[in-house]
Amino acid sequence: MAVSFPGATYVKVHFGELALHPGDVVTVADPSGAEVYRYQPATIGDGWADSISGDTALVSVQHSPSAGSSLALESLSRPGVRVDQVTRGFTAAESAARSGQRAESICGGSDDSRNAVCYRSTQPIAYGRSKAVARLLINGAELCTTWRVGPNNRLLTNNHCLATTEEVQSAEVWFDYACVQCDGPETPRTVKTRGNRLLATDATLDFSLFTVDDFAGIERFGFLELDERQPQPGDEVYIPQHPKGVPTVIAMADPQEATGNCAVSDPRYDGYAPDTDVSYLCDTDGGSSGSPVISRRSNKVIALHHFGGCPNSGVRIDLISARIAAML
């Protein structure tokens, strides 16, 4: 069975029923066979298969030898196996339309963020730090950004993205979802894992700390550290992120600043409570929630982005660190 949406960036299917004989396996794959996931009833969890990058997912069922056949079925006509929902990524045209609806977070009239790889030679440290930042796909449709914090199995995002263990376990975390050339759009094979467990969360400080299933598979992408000093107005920053779920971009330039670089506007900006945020005019968009705001001086995180509106803002990392430092 082929599930296809021309131009979509991913396809994700949900099994409403998966009643198989022992040893039978459902396979979801891309047409090239480079991305393949195999499931049995005990391993499918909430019924959502892992997403397939690209616009086509091929779904088949393979009988166990004990069931009398080892051949893959050509469709899901077998009783008890049913795809009842499908989600998919936006096409380029749809993303452009949605961007127009969220222009309030693009400050100054034009988006000055660039594909992360554009900084590989000119800003190698910032480019390297962007590797620790991942796209977050929640319930097959909602988009946020997340990142590895510290050397252990710990990731940080917003509470308004993930607030419960059930939501964490519904989420896919995409590492290495980035263009290989400055003008894009090709990406290498994305490394995907599932969220595992919520460790801490807070609605006022809008953070959630969680773990993933396959930590060994993402460990090579490195991690970010926290900068607990008090930022000052004019401190230069950059934000690796996945706005609209696109491959990693870095917001670093800001023509509105005298230096031409993104910088802190107000280090004591009101978020969900007085003085909890840091504000800036760096460009962000829907899907950027949960991104790290990184100091260009220390290359450590000073805030957790969560608001648009020009100025945009992130929760002060010193306040978050006081809540999670013992868990890192």
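**Aromatic contacts in a predicted model**

In this predicted model, R135 lies over the face of W174, with a distance of 4.4 Å to the ring centre. K192 also lies over the face of W174, in this case at 4.1 Å from the ring centre. A search covering the whole structure finds four aromatic pairs, and W174 takes part in this pairing as a member of a cluster that ring pairs form with Y10 and Y177.

**The pair F175 and F221**

- The ring centres of F175 and F221 are 5.4 Å apart and the ring planes meet at 10 degrees, so this pair counts as stacked, for which the planes must be under 30 degrees apart.
- Because F175 belongs to strand β12 (residues 171-175) while F221 is found in the loop between α4 (215-218) and β15 (237-241), the pair ties together parts that are 46 residues apart in sequence.
- Both F175 and F221 are buried.

**The pair Y272 and F307**

- With ring centres 4.9 Å apart and planes at 80 degrees, Y272 and F307 form an edge-to-face pair, a class that requires planes over 60 degrees apart.
- Y272 is placed in the loop between β17 (264-269) and β18 (277-280), and F307 in strand β20 (residues 301-307), so that this pair ties together parts that are 35 residues apart in sequence.
- Y272 is partly exposed, at 47% relative accessibility, and F307 is likewise partly exposed, its relative accessible area being 21%.

Note on methods. Residues numbered from 1 in each chain as written. Predicted model: local features only at pLDDT ≥ 70, side-chain atom pairs only at ≥ 80, totals over all residues. Heavy atoms only, no water. Phe/Tyr/Trp six-rings, centres within 6.5 Å; stacked < 30°, edge-to-face > 60°. Helix = DSSP H or I, 4+ residues; strand = E, 2+ residues; numbered from the N terminus. Buried < 20%, exposed > 50% of the residue type's maximum accessible area, 1.4 Å probe, protein only. Lys NZ or Arg CZ within 6 Å of the ring centre and 35° of its normal.
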